[in-house]
Amino acid sequence: NAEYGVMAAVTPAIIVPCLERIRGTGFELDSNNIATMLISASSFDDVIAISAFMVCLSTALSTGRSLALQILSGPLELLVGVLLGGLLGTLQWVLPPSGGWLRLWLLLLLGLSAVFG
């Protein structure tokens, strides 16, 4: 059901304040990196839930594309997004000097070109 995927996507908003409340009571969470593992696992679950929701949404609202192409488009778009983000991040890290307006404009223009093509 689509509602459960959307509810799973808000788990970091619930986990982080609860961990901060537990840390405030004096309970040691960082001895085995428990807090870091919980936050990273909930963020990964967030990505999976949003991706699954988008695949289900595109399948339900599709017109004319085959089911196999629709199912493969979700993971393919995720892979292209990770590769493009890594490439643009590396480009942003290598080219301009740190700070300044040039880095800001380059980041803005690269982000807009990635979204709008």
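Leu107 lies in helix α5, where a helix is a DSSP run of H or I of at least four residues, a strand is a run of E of at least two, and both are numbered from the N terminus. Leu107 is exposed, with a relative accessible area of 51%. The terms for accessibility are set as follows: buried means under 20% relative accessible area, exposed means over 50%, and partly exposed lies in between, with a 1.4 Å probe and protein chains only. The model is predicted, so that local features need pLDDT of at least 70 and side-chain atom pairs count only at pLDDT 80 or more, while totals for chains, interfaces and linings use all residues. Residues are numbered from 1 along each chain as its sequence is written, and side-chain values use heavy atoms, with hydrogens and water left out.

Gly89 and Leu107 are 18 residues apart in sequence, and their C-alpha atoms are 8.8 Å apart in space. Gly89 is found in helix α4 and is partly exposed, with a relative accessible area of 37%.

The next topic is the pair formed by α4 and α5. Helix α5 covers residues 101-116, and it packs with α4 at an angle of about 160 degrees, with the two axes 11 Å apart. That makes α4 roughly antiparallel to α5; angles under 35 degrees count as roughly parallel, over 145 as roughly antiparallel, 65 to 115 as roughly perpendicular and the rest as oblique. Such axes are lines fitted to C-alpha atoms, for helices over the stretch in contact, and the angles run from 0 to 180 degrees between N-to-C directions. On the α4 side, Leu84, Leu88, Leu91, Gln92 and Trp93 meet Arg103, Leu106, Leu107, Leu110 and Ala114 of α5, contact meaning heavy atoms within 4.5 Å. By class, this contact of α4 with α5 has 8 nonpolar, 1 polar and 1 charged residues. Ala, Val, Leu, Ile, Met, Phe, Trp, Tyr, Cys and Pro count as nonpolar, Asp, Glu, Lys and Arg as charged, and the others, Gly among them, as polar.

Helix α4 also packs with α3. The axes of α3 (residues 34-60) and α4 (residues 67-94) come within 9 Å and cross at roughly 150 degrees. The helices α3 and α4 are therefore roughly antiparallel to each other. Here Val47, Ser51, Val55, Ser58 and Thr59 in α3 meet Leu67, Gln70, Ile71, Gly74 and Leu78 in α4. The contact of α3 with α4 has 5 nonpolar, 5 polar and no charged residues.

Helix α3 itself has 27 residues and reaches 39 Å from its first C-alpha to its last, close to the 39 Å expected at 1.5 Å a residue; the expected span is 1.5 Å times one less than the number of residues. The buried residues of α3 are Ala35, Ser42, Asp46, Ala49 and Val55.

Finally, the whole protein may be considered. It has 5 helices and 0 strands, and from the N terminus on its elements run α-α-α-α-α. Of its 117 residues, 14% count as buried.
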